[in-house]
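Please keep the sequence and the 3D view at hand.

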Amino acid sequence: MITLLVNLLEALLNTFYRTRLYPRFFVLETVARVPYFAYTSVLHLYETMGWWRKSDWLKVHFAESWNELHHLLIAESLGGNRYWIDRFVAHTGAFIYYWIIIFVYVLSPRSAYRFMQQVEEHAYHTYDTFLKEHGEELRALPAPEIALKYYREGDLYMFDEFQTSHPLEVRRPKIENLYDVFLAIRDDELEHVKTMLACQQPDAQQTFQSPHTANRAVLPEAAVTAINEHTADIAQQAVEEEPVEMS
Ligand SMILES: [Fe+2]
Ligand SMILES: [Fe+2]
């Protein structure tokens, strides 16, 4: 079922948005941040009912959705949401995926995290291919104001909050043009893959914490190795991936 859900989203994007890339990014970012809302909705319910309290997880998932919101705002600033049909597709997809992921997360959190891991991998490949195909033109274009505010000028607490795989303040993207913006977005997606992998580890309920937690527990060596090996594979696949075209 998880693979089917991912394949459906990829088929939608590849069929209707193969060449319209900014609308594609708008649809992808609208739909692909919804699972984080589904996770926080269910976790919030568990806390409210007194069944399970894990505020760290709420905090990290919200920081991930905050990051995805800024990807969405960047796509909008580039005209990705100009046409009603793209807004209709994105909003309908987001509504459907929200309720499906709520259902999956209640039954099997690990499956819901695996779903998002695969969606984030798709997002990483999408942006990586875009950078390879359009690097020259992107370097000549300015960074949108919203990207400068988010990556360079704003309070980076929320940005650090979803960097769960390394110490705080290690990632500070250089943003000078549109190429840098999409490079930062691509690398954000890989950070989300790492976080989704960490959430699927068998002992994640004990070991997974917010990066800002004092005396934070270090992820077990086996988990770190598994995450690093998997993300190295993704980077390798990106080298071999076919390019997409932009109209
Ligand atoms: Fe994104
Ligand atoms: Fe993402």
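Helix α4 covers residues 55-77, and at 1.5 Å a residue its 23 residues should span 33 Å; the C-alpha atoms at its ends are 33 Å apart, which agrees. The expected span here is 1.5 Å times one less than the number of residues. Helices are DSSP runs of H or I with at least four residues, strands are runs of E with at least two, and both are numbered from the N terminus. This is a predicted model, in which local features need pLDDT of at least 70 and side-chain atom pairs count only at pLDDT 80 or more, while totals for chains, interfaces and linings use all residues. Residues are numbered from 1 along each chain as its sequence is written, and chains are lettered from A and ligands numbered from 1 in the order in which they are written.

The buried residues of α4 are Trp57, Val60, His61, Ala63, Glu64, Asn67, Glu68, His70, His71, Leu72, Ile74 and Ala75. A residue counts as buried if 20 or more other C-beta atoms, placed from the backbone, lie within 10 Å of its own, as exposed if 12 or fewer do, and as partly exposed in between. An α-helix has 3.6 residues a turn, so residues three or four places apart point the same way. The cover over the buried residues of α4 includes α2 (21-32), α3 (34-48), α7 (145-153), α8 (157-161) and α9 (178-199). After α4 comes Gly79, with a positive phi near 95°.

Two of these neighbours can be described through their axes, which are lines fitted to C-alpha atoms, for helices over the stretch in contact, with angles from 0 to 180 degrees between N-to-C directions. The axes of α4 and α7 are 8 Å apart, at an angle of about 160°. α4 is therefore roughly antiparallel to α7; angles under 35 degrees count as roughly parallel, over 145 as roughly antiparallel, 65 to 115 as roughly perpendicular and the rest as oblique. From α4, His70, Leu73, Ile74 and Ser77 make the contact, and from α7, Ile146, Ala147 and Tyr150. Contact requires C-beta atoms, placed from the backbone, to lie within 7 Å.

With α9, the axis of α4 comes within 11 Å and crosses at roughly 155°. That makes α4 roughly antiparallel to α9 as well. Val60, Glu64, Asn67, His71 and Ile74 of α4 meet Val181, Ile185, Asp188, His192 and Thr195 of α9.

The chain has eleven helices and zero strands. Its radius of gyration is 17 Å, close to the 18 Å that the globule rule gives for 247 residues, so the chain is as compact as a globular protein of that length. The radius is taken over C-alpha atoms, and the rule is 2.2 Å times the number of residues to the power 0.38. Of the 247 residues, 38% are buried.

Ala143 sits in the loop between α6 (109-139) and α7. Is Ala143 buried or exposed? Ala143 is buried, because 21 other C-beta atoms lie within 10 Å. Leaving out residues up to four places away in sequence, Ala143 touches Leu148, Ile175, Glu176, Asn177, Leu178, Asp180 and Val181. Glu136, by contrast, lies in helix α6 and is exposed, with 8 other C-beta atoms within 10 Å. Between Glu136 and Tyr179, 43 residues apart along the chain, the C-alpha separation is 8.3 Å.

Terms used:
Two residues are in contact if their C-beta atoms, placed from the backbone, lie within 7 Å.
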